[in-house]
Amino acid sequence: MGKYVVKRLVHGLISVVIVIIVVMLLVYGLMNREQIFAEDQNYTRTALNEREVYKYQRWEEFGYVDYVPYSDYLSDLVRSGELDSATRDEVVQIARKAENDEANVAEYVEKFTQYYESQGYTVKRLDAKMDGRKVKTGGRQQLYAYRDRPLLTRALTYFLSVFKVDNIHSVKDDVGERGLTFTWYDPVYGGEKFSPAIIGNGTQHKYLLYFDSNFPFFHQNFLTIQLGKSYTVSRGIDVFDTMTRSQGSFVQSSITFPSGLTELSADDLHSAVYSSGSRASNPVLDARFVDDYANVDTNKNGFSKTGYSFIIGILSTIGAYILGLPLGIAMSRNKDGWFDKLGTIYIIFITSVPSLGYIFMFRAIGSATGLPYEFKMDNPSAAMYVLPIVSLMLPSVGNLMKWMRRYMIDQMNSDYVKFARSGGLSEGEIFYKHIMKNAAIPITHGIPGSLLFAMTGSLITERVYSVPGAGKLLTDSISKYDNGVIVGVTLFFALLSVIAAIMGDVLMAVVDPRINFTNKAR
Amino acid sequence: MEDLKSLGLSDEELFSRIDHSLLESERITAPRYSYWRSVFRVFFRRKLNIVVLSILALVIFMAYVYPTIFGYDQFSNLNDATTKHLSPAAALQRFGPSIRWILGTGSSGNSTFDAVWFGSRISITLAMICTVINMSIGVLVGAIWGFSKKVDIVMIEVRNIIGNVPGVLLISVLVMLFSPSFWTLIFAMTITGWLGVASFIRTQVIIIRDREYNLASKCLGTSTLRIAIKNILPFMTSVIVTLMATEIPSYIGSEVFLSYIGLGISEMSLGKLITENQSAMFVPGWQLEFWSPVFVSSIITIVLFVVGQNLGDASDPRTHM
């Protein structure tokens, strides 16, 4: 069994990799990249050569191209010691037209061109756009190299960056003595309360291991997952953080900062991340912190996006199984009776009416009975979960009823039932001890999937009830060309479906000893 | 025999001799069986089906014939502010009694009733075309997929990969590449849509492929193609019809969904109508503008679903007894 699961997992991971490559092909290859400027204020403000350069800068941010301006190339040369900064300042001044370059400038321009062209870049020089003797606004001369990021390189770098291991050499700046210290008394709690923690210096995160009062109480930052950076939906934040970071309004409490300053603040000191030069540029941070581990998250009163989706999803899934299975069984017991007919009407209704229609219908019914139909994070109540959960539950109830009834009826006609009946077993015994057990086997296959996919949230339900969940993540990122998020969310979904399929098969084999994946005699 | 004897007739008069005839002995005495006639006999035996079918006929009439006869111009009253968002009673009073105004008017003074039927035509046509394309490709590929083990290995991987590419992404990329038109949406919904049908058909083919009668047929030397067409296809008819019954409403549903998330077509389909009138639901007196397209789309999908399901039941030869 273990061997089989590993084999399936490897197989699944390979197909996930291919899925990501296909999605990258779609997103970076087929989508019209000019579209990202459609609502860009800066784009309309710039003109001529500046606009060209701006385009490539943005495209690099969105991950379409690799873009190197001439000045960056020279700075790199200075950093590697091939060039001193005085010469740099001299040769960085390219002339308005290529033929007017001075000799030493032309030499470096030639070097730049050769170096990047040999790597498959296209080198472009835009001559200054003149208006008589004056340079037009945005018409300054430009020199840069660019290339479309090759698909395989892109995929490879992406997969390598998904798991990030924090180490004491992560921070490039001079931070003094690098190393990890273990303490039994976490300084965040004043250094007196017993709470083990590992604190790093030179690592990206300050607290690599700590305990706090939030679920799951034990936290680590050695290994972080990065699914892809967002550029438009939430600037600079990784999708994984967007999904898991808590939302709502700030929860303030009296906090003693490392500098000894005690203030009312919502900062979560455990989340401190190194941010270069933060104290020098911000006097507030300078007063609070003693080192540059000053970039902290804030405590908020709501759950994360995935959190909300998961609460609603998991409760509706559990509810659907609790309701749907007994109803399906009752329908099959009452085959062709009034209850069966009533159930069939419900199933037809829920499977054929567009989901938008019945969700709005339940919203209308719900609000008529006085239930809250809008989600308020600042004023949470149990009642506001009711309508989203019910709306999400109803179609799954119908679906489960349909399949449970089908499987039960299929089993009712099999030979072992006739045999049991001829053996003198009571109808109840046959029904609940024999038929139900067999009919439940295919149902168990879907259970892990529906539990796992409770996390992804549902688009329409969340939008109709204004739930701040994860359901709209994918569609939002598509409409805003947030390529990193699209790829990240796809990876997350694809992994879920691979895991769900394997877990479903394993669970089925556990429930039914006749199913055996190890030696298929086919 | 005793009674006949008492009549006093001779043996010749009681029995007549019939010669052995090769031709006669080959004749089958069972009544003639026509598959499709039996399908319709079983289908129309249920009263409900006649009712549902007549509703379907009415829907098709309203969606296809009514707009062509009476015409529909969404913007004919655009400049007249007094015609916007009228309740049915007010609209009837404003324009005079006509079936056109029984649902009131919409945001541009257009008739809600007409808008709904005009939208229905686009939605039904879209669903039908998608279903025809997906079903024909899906059934064909699924049959080959089920029969060939080599194809199976490849296709399972294809399904695992394409099944995990988010459909919304694929559709939005295609809509962005081309324009958000009717045919683009059809292309987007069918480019991977057939895969689900094919995989369903594949499972069904595998289930009956190795049944005894097919093995026997194979032993007698029947070619695979003939087994597929003569032995398996008739068995599959009911499955295909049942599948079709769920496919058509599902496309109407996905069209509504896609319009809702802003990926719909430019024409005023039912989905677009529902999405555009969403805000009207929260204004007292305007709700009808939202509920009418929802109600009509529900009627269409339910009717198509029930007709399809029952036709699927009727096309199963085992119900023809």
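Trainee: Helices (H or I, at least four residues) and strands (E, at least two) are DSSP runs, numbered from the N terminus. With that settled, how many residues lie between S12(A) and S13(A) in their hairpin?

Mentor: There are five residues between the two strands, and A:Gly260 in the turn has a positive phi of about 100°. Before we go on, this is a predicted model, where local features need pLDDT of at least 70 and side-chain atom pairs count only at pLDDT 80 or more, while totals for chains, interfaces and linings use all residues. Residues are numbered from 1 along each chain as its sequence is written, and chains are lettered from A and ligands numbered from 1 in the order in which they are written.

Trainee: Thanks! How many bridges join those strands, and do they run parallel or antiparallel?

Mentor: Strand S12 (residues 253-256) and strand S13 (residues 262-265) of chain A are antiparallel, joined by four bridges. Two strands pair if DSSP finds at least two bridges between them. Within this pair, A:Ser254 sits opposite A:Leu264.

Trainee: Switching to helix H4 of chain A: which of its residues are buried?

Mentor: In H4 (residues 70-80) of chain A, they are A:Tyr70, A:Tyr73 and A:Leu74. Here a residue is buried if 20 or more other C-beta atoms lie within 10 Å of its own, exposed if 12 or fewer, and partly exposed in between, with C-beta atoms placed from the backbone.

Trainee: Why do they line one face of the helix?

Mentor: Looking down the axis of H4(A), the buried residues fall within an arc of 95°, so they share one face. That arc is taken over the directions from the helix axis to the C-beta atoms. On the other side, A:Asp72, A:Asp76 and A:Arg79 are exposed.

Trainee: And what do the buried residues of H4(A) pack against?

Mentor: Their partners in chain A are strand S1 (65-69), helix H5 (85-91), helix H6 (103-118) and strand S5 (142-148). Just after H4(A) comes A:Gly81, with a positive phi of about 90°.

Trainee: Which residue other than glycine has a phi near 50°?

Mentor: That is A:Leu48, which is in helix H3 (residues 48-62) of chain A. It has 17 C-beta neighbours inside 10 Å, so A:Leu48 counts as partly exposed. A:Tyr481 also has a positive phi, of about 55°.

Trainee: Where is A:Tyr481?

Mentor: A:Tyr481 is in the loop between helix H18 (473-479) and helix H19 (483-511) of chain A. A:Tyr481 counts as buried because 22 C-beta neighbours lie inside 10 Å.

Trainee: New topic! How many residues of chain B are in contact with chain A?

Mentor: On the chain B side it is 30 residues, which touch 30 residues of chain A. Two residues are in contact if their C-beta atoms, placed from the backbone, lie within 7 Å. The chain B side divides into 21 nonpolar, eight polar and one charged residue. Ala, Val, Leu, Ile, Met, Phe, Trp, Tyr, Cys and Pro count as nonpolar, Asp, Glu, Lys and Arg as charged, and the others, Gly among them, as polar.

Trainee: What ipTM does the predictor give the complex?

Mentor: The ipTM is 0.75, alongside a pTM of 0.82. Chain B averages a pLDDT of 83, and 98% of its residues score at least 70. pLDDT is the predictor's confidence in each residue, from 0 to 100.
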